[in-house]
Each structure stands twice: as C-alpha cells, then as structure tokens.
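Colleague: I'm new to reading models like this one. Please pick one part, the one you'd start with, and take me through it slowly.

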Amino acid sequence: LLKRQITTNMTSSSSWKPFLLGSLVTYSLLRYVKTTRIKQSPKEEERTTTTTTNDNNENNTSQQQTQAQTKVIMDAPDLDQRMIRKAEAVLQSRTDRLYIIIERHSVHDYNYTAILRTVEALGIQHVWIVNPSSEEEEESGNHHLFARKATDWLTVREFENVESCLEALREDGRELWVADTFIPEELLCDEEEKEDEKEEKESNREEEIDSISLTIPSLASALNLQPKSNNSLTLPPKLALLISTAPTTSSSPNLPLFLQSSTLSIHLPLVGHQNALNISIATALLLHSLMSAIDPTIPKTYHDQQHLMSLRKAWYAKLASNRILTSAQKKQYRLLKNAVKYGQQLEDKVRNNEFIDDSQKKKLKALPSKLAKLQKLENTLQQQSEKAVEKLIQNIPDPLSDLRRADEHRVCFVGRGTKKKHGEAWSNMPATGVYKTDSVSVGDGGSSAFFRGKIQE
C-alpha cells in the first residue's frame, strides 16, 4: 500500500514540473533586470536621455526645414511685410549674367519704354543706352511714366558713342550678341538700291557672324536650334544682347561697329506674310527663349553679391520712403518739387536772354530757399527710410512664392456712372471695388503704419 501511494503521488506531481520550471525562469529574469537598472550609473542614464532628446530635436528640425522649403507665401492684403517680401522675391530672381544694350537712334521712344518695361519684368537688372537723344533728360519723365516706373528698379548706364560702350564690354569681359529684329531692306527698295545696299553691307562687315534661328515651341519642348558652326547653343557666363530695329541699314551708321565686335546674331523666324514683329514684342520673345528654354540658369544668377546687397538696401529704403510721409507732408513735398522745377526753367530762360515778368522774377528769387527746403526734406526722408529698414536688412523676411497680385489689389478706376450702370454685373468683381486694409490684421494704415512704427522703434 505504501509503495502504491508513493507511486501515485509521484505520478500526480509530475504534471506540476513544467509550471514550476517556467515560474523559476521568469522570476530569475525579473531579478536580473531589476539588479542591472540599480547598478546603472547616473551618467549613463543622462546619456541615454540626452541621446533620445537629441534624436527628437533633429527630427523636429528636419521637419521644420522641410516645411520651410515647401512653404508657399502668396500675396494678400493682410500679409505682414508684404512690400518687403515682394521686393525680396524680385531681388532673388534678378540676374546680372545678361545685359541689354539699346541703340537709341534706331528705337522709337514708345518702343524704348516698352523694352525697359519688358526687361525689368523678366528679371534683367542692367540696361545700357547708347547714343541717348539730346532730349533724353527732358523726356525722362515720360519714359518713366510709359514704362510704368520700371526705371526705378533698373541699373541704367548711358554711353555717348558705340566705342565707349564696346570698351566697357571688353573691360567687363562680356560677349556681344546682336538681336536681328529689323525688316529686310530688300523688300523695301528696287534692284539698283539692292545692289548698293549689298555692296555697303559687304564693305561694313569684316568678319562673318554666325546666325542662329530661335523658334519658340511649347514650354515642354526644347528649342529647334540650327546654327552654322555648332549643333548646340551655350550661353557665355557674361553676355550682352544688342536690341536694334535696323542693325545693317543706314538709319544708324554706327551700328556696323557693333556687328564687327559681335560673335553671334539671333532672330525669330516668322512664317506669316508679316516679315517683322514690334521690337518690344520681339525682345520679349527672344529674352524669354534665352532665359527659359535655352538656359534656365540665367534667372536667379547674380555674380556681384555686393551690388545685390546695395540694391536691397536701396529698394527697401525706397519702399519705406513712399509710405513714411503723411498726406500733408506728401503735398508739401510735391509743391516744393514743382516750385524748384519751375524756378530752374526760369533760370534757363534768363540764361538764354529770354523775357520774364515780375512775378516770375519773384519766384526765381525764392528758388534758393525752396531748393534748401527740398534738400532738407529729402535728406530727412532718406535717413528715416534707412532707419526703418535697418533691422529688415539684417533679418531678411521670407520672399513671396508668387509675384501675382492679390485680387483685392487688382483695382482699376471705374467712373461712378459706369459703375452704377453695370453695378449688378460687377457686384462680385474685386477690380471694381474699393478695398481698404484691415486695421486689425496689419495695423491701422497698413504698410505706412508698419514703416512709421519701425522709425519709432
């Protein structure tokens, strides 16, 4: 009986052995982990915590950088520093790799101003004017108006003759190309004139210039280039493009000098009955081809960073100066400028021995005092403008991602009667409404209040 009982107990206890063995192993592991944590030094714990924190910081930084790269800033009325952001976007798209040369004798005044506007809109900073007309200074106001103030943002340099311009090109190490946009002379004259013109051309040309036809396809396809000497077109690091309506005709006898110094002639082939485009339109098409399809690296390529910084300082200050003055101060400034301009005209009359009456003599006598007041006001305005943008230059704000204007700012003048007549049809058109900046979002007065606040700071 005892033997049977012992055997029964052993048989029943064998079912507990796996459970006891598993419990023992689990208890041993828990004891080991607890002992290891107790023995770990404080430095090791700190190192582990710091590593985890650094990894989290790096992840956050990379996420912020990715967000900054993909951040899109559009123009909006309530956008802070919107004028500075726009100026910075324009600056970052400017190029000094390509210069534009305009021969004034062969370009009509309206075409001239249209070219200036086109060049500025496409991001080219430097324009050289050769043979400026004698009335150029007097007509500068009209050019400024017709070009929609494009000259305010361009670096314009004038040359009295072709030789001085060519010398400046050589000093700067620029290659000269000629834009062939003129009407072929053989379509406008008889057979004898054709022969005379042919002999004149042959006598004026000492070197053969390669010619390339630029055809403008869709934006997705490349240009179909068929040059004489090579199978591809590579733009030089420094390029100057001459714009002229008649580079080989007698309308401007100095232009053959440009042709002799140039290395390439480019033109847009036409396939219609019209054999020429308006020069401003041809200029826009040529420049867009050069800067987009042929070499997209031209925009946003500015070698002279020092000059770019000087432009930034001048542009920021100019934007501030236009908004610092109050309405009364702007009126006083405008009256002073007109008085000084009229007084200077009277000086010219006296210099030319022309008659002026007593009232004009009185105004001429007051010219020095008016001029002193104007200079004082301009100096004060310049100092305040520089102060207003000093911190902005040190901490440049993010530029606009798109330079298109906000709908609220696409406003055109519409007469009261016209607006009343079409009021129902135009009810939801922002361009016919009157928009005022929200004082809650950007401060009372918008940009003006912003720059005045900078001066007070």
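**A close look at the core**

Modeller: Let's start with the largest nonpolar core, which has 29 residues; the members that touch the most other members are Leu 98, Ile 100, Ile 102, Trp 177, Leu 235 and Leu 241. A nonpolar core here is a set of buried Ala, Val, Leu, Ile, Met, Phe, Trp, Tyr and Cys residues joined through side-chain atoms within 4.5 Å, and buried means under 20% relative accessible area (exposed is over 50%, partly exposed in between, with a 1.4 Å probe and protein chains only). Keep in mind that this is a predicted model, where local features need pLDDT of at least 70 and side-chain atom pairs count only at 80 or more, while totals for chains, interfaces and linings use all residues. Numbering starts from 1 along each chain as its sequence is written, and side-chain values use heavy atoms, leaving out hydrogens and water.

So who builds this core? Two or more residues each come from strand 1 (98-103), helix 5 (109-121), strand 2 (126-130), strand 4 (175-180), strand 6 (239-244), strand 7 (264-267) and helix 10 (279-294). (Helices, H or I with at least four residues, and strands, E with at least two, are DSSP runs numbered from the N terminus.) Helix 10 is the top contributor, with six residues.

Now zoom in on Ile 102. Skipping neighbours within four places in sequence, Ile 102 is in contact (heavy atoms within 4.5 Å) with Val 107, Tyr 112, Ile 115, Leu 116, Val 127, Trp 128, Ile 129, Val 130 and Ile 243. There's also a second, separate core of 21 residues, including Ile 84, Ala 87, Tyr 316 and Val 389.

Next, look at the loop between helix 4 (82-92) and strand 1, where you'll find Thr 95. Thr 95 counts as buried because its relative accessible area is 0%. Its side chain reaches the backbone oxygen of Ile 298 at 2.9 Å, and one of its side-chain polar atoms lies 3.0 Å from the backbone oxygen of Thr 301. Beyond four places in sequence, Thr 95 touches Gly 123, Ile 124, Gln 125, Met 291, Ile 298, Pro 299, Thr 301 and Tyr 302.

Finally, go to the loop between strand 7 and helix 10, where Leu 270 lies. With a relative accessible area of 37%, Leu 270 is partly exposed. Again setting aside neighbours within four places, Leu 270 is in contact with Asn 275, Ala 276 and Leu 277.

Definitions and conventions: Polar contact = N/O pair within 3.5 Å; in protein donor to acceptor, adjacent residues only side chain to side chain.
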